[in-house]
Amino acid sequence: MQPPIAVSEHERILARNAAAARLGILPGLPDAAARALVAELRILPRKPAAERAALARLGAWAMAFSDQVSLAPPAALVLEAGRSLRLFGGAAALRGRVLEGIGALGWRARCVLAPTPGAALVLAAAGLGRAAEDADAAIIQDRAALRRALAALPVAALGFTAAELDDLQRMGLVRVGELLRLPRAGLAERFGLARLAQLERLLGERPDPRRAFVPPQRFRASLELPAEVPDAPALVFACRRLIDELGGFLFARQAGVRQLGWRLHHADLPATRLRLGSAAPARDPRHWLDLLRERLDRLTLPAPVRAISLGSEPVQPLAARDLPLLPDDPAGTAPDPVLLDRLRARLGAAAVQGLATAPDHRPERATRPCEPELPALDAPGRQRRRTPQQPLEVPPGARADRPLWLLAEPLPLALHDGRPCLDGPLDLGAGCERIDTGWWDGFAVARDYYVARSADGERLWVYRDLRGSGGWFLHGVFGAAPAG
């Protein structure tokens, strides 16, 4: 059961959760009185900076519904939805999707669609559009309906100062409709041109431009937990909220990320840090949640967690995928980045690594371990397929006549009549590759390498040591013979 929690500002309760409301905690109650009423009440100070950060994250998330989003601090967003209505199936469907998504992130919201942004903000602040069922009243189709909706509001809804409200009360004006019936010249003379311009913007008689929100290159979010969590697997539910925000952020930008950094904050100890990596830039929330669950299931916390932070590396755009005329080949041999990421999350990053070439002729030093990298994921859990114009290329410096599988240590080979043997004499073919280098760093080699074939047809990579013993060694094994 959720504990009672309240937010305080200037020693008075500003907001509270449902558990605190059931116990009689009301906004405006002094903190001392609230504690006396409910001993177990947890009172948190209001954090304006955290509110601004949360609003910016929601702004980035909302770009999945519109390419024009504006912030209206302290607690509102404006979306230009006209060009999105057809995409989402109409105003009611779009509004329902927005409210459903906001609710899934753990927020409560009001959503009003109106011909002007200022009117939508005023109507939402007045209490309209609390739930998905209010669609009929919360969707204002035209300016005539907009004027009727505004006319029913009290004049205090327009943000007048206390002195202006006293003046309106002396004039007998209670509703916005009564104010709109007054001559415009008289309104301007009594309340100033700024107030008149505000009314005209609300009614759509004057342009109301808004500064477009530009999302950041990195995702950053924090979440304070209502109660401390002692077990790592139990953090999945709270982390899902941050991952869903990340998913909306990435979807709006048509982008993905390869690395996520988690910090699990404790009361008296340094934060526990986790890093999740993906072989390909990914944005699917289910993918990241699965990787996180694998890590948390094996994590022992040094202390209970009271807050969670999530940060990403700079986003990377995801290329669009060309849909084929025929279904994809189910027997495709492209590596599965989802499986690779799951293995790394379960076994550890050091257990599953990529291989990169290095500018060195010596086989032992011609490759180095690296982070696995695969083509970007442009759909949930799906790798972008290569087209004929994007062939798989051999990395620079790689040789087709060298095997990918090298033995950890070269294996000495027996000799028979001067020929190296492995379950029988080896056919050394024609020609060899001589490697004579490394005198400058203490790992000098002088070898003649041959692509040998055993009696069973197995292709082997063997060499004769030109220094020291002069013996023969098995150093690598080839896969299937190349076509042709």
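Biologist: In what order do the three strands of the open sheet lie, and what is the pairing?
Modeller: The order is 2-1-3, and the pairing in this open sheet of three strands is mixed. The model is a predicted one.

Biologist: What makes a strand an edge strand here, and which strands are they?
Modeller: An edge strand pairs on one side only, and that holds for strand 2 (12–16) and strand 3 (42–45). From one strand to the next, the twist averages 40°.

Biologist: How do you know that strand 1 and strand 2 pair?
Modeller: Two strands pair if at least two bridges are found between them. Strand 1 (residues 5–9) and strand 2 have four bridges, so they pass, and the sense is antiparallel. In this pairing Ser 8 stands opposite Ile 13 of strand 2.

Biologist: What holds paired strands together in general?
Modeller: Strands of a sheet pair through backbone hydrogen bonds, in a parallel or an antiparallel way.

Biologist: Which strand pairs with strand 11, and over how many bridges?
Modeller: Strand 12 (residues 367–370) does, in the antiparallel sense and over four bridges. Thr 357 has Thr 367 of strand 12 opposite.

Biologist: Why is Leu 347 called exposed?
Modeller: The cut-off for exposed is over 50% relative accessible area. Leu 347 has 55% relative accessibility, so it counts as exposed. Leu 347 belongs to helix 15 (residues 337–347). Together with Leu 339 and Leu 343, Leu 347 makes a nonpolar surface patch of about 280 Å².

Biologist: Why is Gly 96 called partly exposed?
Modeller: Buried means under 20% and exposed means over 50%, with partly exposed in between. Gly 96 has 23% relative accessibility, so it counts as partly exposed. Gly 96 sits in helix 5 (residues 91–104). From Gly 96 to Cys 111 the C-alpha to C-alpha distance is 8.9 Å, and the two are 15 residues apart in sequence.

Biologist: What share of the residues in the protein chain is buried?
Modeller: Of the 484 residues in the protein chain, 41% are buried. The protein chain has 15 helices and 21 strands. Its accessible surface is about 27700 Å², and 55% of that belongs to carbon and sulfur atoms.

Notes. Residues are numbered from 1 along each chain as its sequence is written. This is a predicted model: local features need pLDDT of at least 70, side-chain atom pairs count only at pLDDT 80 or more; totals for chains, interfaces and linings use all residues. Side-chain values use heavy atoms; hydrogens and water are left out. Helices (H or I, at least four residues) and strands (E, at least two) are DSSP runs, numbered from the N terminus. Buried means under 20% relative accessible area, exposed over 50%, partly exposed in between (1.4 Å probe, protein chains only). Accessible areas come from the Shrake-Rupley method with a 1.4 Å probe; for residues, only the protein chains shown count as cover. Axes are lines fitted to C-alpha atoms, for helices over the stretch in contact, and angles run from 0 to 180 degrees between N-to-C directions. Patches are made of residues with over 30% relative accessible area and no salt bridge: like charges are joined within 9 Å, nonpolar side chains (Val, Leu, Ile, Met, Phe, Trp, Tyr) within 5 Å. A salt bridge is a side-chain nitrogen of Lys or Arg within 4 Å of a carboxyl oxygen of Asp or Glu.
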